[in-house]
Structure formats: C-alpha cells, structure tokens
Amino acid sequence: GREWAELMKELIDADFTPKTGINVKMNVLPSSQLEAGSINVLMLSIISGKAPDVAIGVSSQSPVEFAIREAVLDLTQFEDFPTVKERFLPGIITPYEYLGGVYALPETMNFTVLFYRKDIMSELGLPIPETWDELYNYVLPVLYQNHMEFSPPMVNTGNPMEGYAAFLYQHGGEFYTQDRMKSALDTPEAYRAFKEFTELFTNYGIPVEANFFNRMRTGVMPMGIGDFSLYIKLSVAAPELLGRWGIAPIPGHRREDGTIDRSTMSPGAQAIMIMSQTEMPEESWEFVKWWTSAEVQADFGKEIEALMGPQARWNTANLEAFKQLPWHRDDIKVIEAQWPWIKEPPVVLGGYFTSRHIKNAYTRV
C-alpha cells in the first residue's frame, strides 16, 4: 500500500541513508507485479537487463523460482548471513532454500492458532483440547449436541494442502524426500495423515466450507483453527466479541515422550530478495540487514499502526520486533508457544503438482 511505502521511505531517508550514505530510490508496484510465473514488471525488467537491486514484498513461493533462473543472489555468500538469519524462526527460512543456498529473507510471517469463544466454552463446560483425540472424543460430541460446529484448518482458504500439512508433520511425514527430488507422499506416515485429515469430514461431519469469522460471531462455530488475518478481523471487525474470544496452541498428537507435537504450516509470508543483476550487492545487503533489523521493524510496525489503526498490524518476521508490537499479553504468549512448531514445506521444481494432486485426492474422498 502507498501508506506503507511512504512510511518506509521516511524511515530510509531519516535513518538508513544518514547512517550508511546509501541513497535509495523506491518504486511502488501492485504485489502481483513481483511474482514469478507470469509476465509482469519485475520479470520484464529482468529480461531487459534493468532489474532493481532489491525486491520487497515478494511471495514466499517466488524466490526459489527466480533462483532456478539465476535471477537472485544467494545470501549465504555474505559473511554475516548466519548472524542475520538468527532474527527469524528456522522453519520459515525453508521456502527460500535451493541447492544449499538461501535466496531471500522473510519480511513478514503468519501464525496458526486455535480460536475459541470463551463465553460459549465456559457455558458448555468444555476444555480447550490439547490433542486431536480430545477434540474428537470430548469437544465435538458436545458441540454437535448443541447444534454447533468446529472449523478445521483450510476451511477459509479452500486449500486442502494447508489443512493436510498439520497432520502430515504431526505424524512425522514430509512432502518431499530429503534431497527434494521426489514426492514423499507415498510413505505410511503420509497415508495415516491423509486418512485422519479426510476423516474430519467423512467421519466427524466437519463442514468442508464455511465462513469461520461470521459463524464465530454468531456462535454457531465457537471453535476452530485460523491465522493472523482472522485475528485481525476479530480484533477490528467484531467489537461485540471484545473479551469473549481467545486463542490457544492448535491441537496436536502426543509423542511417546509425553510431549505434544503441534507442527503446522503457516503460509502467506512475504520476503525480500537481492536481484543478481545488481551492481551494488554489498549496498543492497546493507539495506536488507537494515530493513529486517529488530529496531527498524518495530518502529515501522508501531508507526503504521498509529497511522492506520490496528487493522494495519505489521506481522513482522523479526522475532524481537514482533514481541514489541501491541499484542494482548495472553495472546503473545500463545503465539510464542506455537512458534517452534511452524514448519514450511520447501519450494521445489514442479511443486505446484503437489497441491494439485492433494486437492484431487481430497476431492475424490
């Protein structure tokens, strides 16, 4: 958005340029003009040899697509990359890795948690489920007896791969083999995960499609799994529910050692990458380090929210900066507890076949 870009340019002119002596020229484009896989401004600039030095706000699926075509720099070539990498969750770096290199850094990150209506759960005497078994055996029967529903992961996005990912990872499976050259969905772990995921709908009657936000407001769907966007919607667009809803870590599977595996996929992040045509790689790296630093990300997040309100909450990927934003004290504890379980699938050549076949199999079931 233009407001975001104007604030970013103000920070650059007031902080980055005076500190480094590096001037920055910004161009603001629609996000669709920064993706791989279609004819757009960024692709045409690369082809014409006039690519920008740095691209910001790129979807998490694009850096590897550009890396395959040698259009972006491998950031591991910079000596202080290991230190900079520590600013982020290890699990959200995975989509930017290709053949041992890392071709972008995360700018924002999503989170996936369990949302619930405090008032309705209290009225029904229901506990917050720690595992999927507790959900199946104790929560769902009571909800159904009271003509209520549960919202599973992916019900709002319509992408079965997102819902399946949580079960796959919690069962110890992976989407691809370790060398990322073959699918790993033919393993026993993947089959058990797919069976459990689809049985949510065939055995337990959970709705395949629903507007979780609206149904949570009315109380028809007082519990379900959602992400950052749902959190903002409930905070801003449902004032009548103030103090009546909360979040908790998502249900998981109990391991043999007694711990609960709550692994999940949290897609939707944006990234920043350096284009390989740049004649100023060191200066570009200085800019990337500055923009992704805790101080700058926290200042940017606070300023944009002060300017536009809580609906503009900046879901920065910098862990230190994320904790400095005005989250509710109880909510940030839950989000932090879910952080270690975020696990993103790698981006591989032809990876779009994975989501396509998962959706086809899910639809047939």
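A: Let's begin with the largest pocket, which holds about 1200 Å³ of space (the space filled by probe spheres set on grid points, joined across faces, edges and corners). A pocket here is an open set of points on a 1 Å grid over the protein atoms alone, with protein on both sides within 12 Å along at least five of seven lines. Before going further, note that this is a predicted model: local features need pLDDT of at least 70 and side-chain atom pairs count only at pLDDT 80 or more, while totals for chains, interfaces and linings use all residues. Residues are numbered from 1 along each chain as its sequence is written, and side-chain values use heavy atoms, with hydrogens and water left out.

The lining of the largest pocket has 38 residues, each with an atom within 4 Å of a point. Met 26, Asn 27, Val 54, Ala 55 and Ile 56 are the ones nearest the centre. Two or more lining residues come from each of helix H1 (2–20), helix H2 (41–47), strand S1 and helix H11 (281–291); helices (H or I, at least four residues) and strands (E, at least two) are DSSP runs numbered from the N terminus. Sorted by class, the lining has 21 nonpolar, 10 polar and 7 charged residues. Ala, Val, Leu, Ile, Met, Phe, Trp, Tyr, Cys and Pro count as nonpolar, Asp, Glu, Lys and Arg as charged, and the others, Gly among them, as polar.

S1 and strand S11 (residues 270–274) are joined by 5 bridges. Ala 55, one of the residues nearest the pocket's centre, faces Met 273 in S11 across this pairing.

Met 273 then takes us into the largest nonpolar core, a group of 79 residues. Such a core is a set of buried Ala, Val, Leu, Ile, Met, Phe, Trp, Tyr and Cys residues joined through side-chain atoms within 4.5 Å, where buried means under 20% relative accessible area, exposed over 50%, and partly exposed in between (1.4 Å probe, protein chains only). Met 273 is among the residues with the most contacts inside this core, along with Leu 105, Phe 115, Leu 234, Trp 285 and Trp 327. A second, separate core has 37 residues, including Ile 120, Met 121, Ile 250 and Val 348.

The largest cavity contains about 50 Å³ of space. Ser 60, Ile 92, Pro 95, Tyr 96, Ser 266, Pro 267, Gly 268, Ala 269 and Glu 344 surround this cavity as its lining, which splits into 5 nonpolar, 3 polar and 1 charged.

For contrast, look at a loop: Glu 70 sits between helix H3 (62–68) and helix H4 (81–85). Glu 70 is exposed, with a relative accessible area of 67%, and has a positive phi near 55° although it is not a glycine.

Definitions and conventions
1 Å grid on protein atoms, 1.4 Å probe; cavity = no way out; pocket = protein on both sides within 12 Å on 5 of 7 lines; lining within 4 Å. Pairing = 2+ DSSP bridges.
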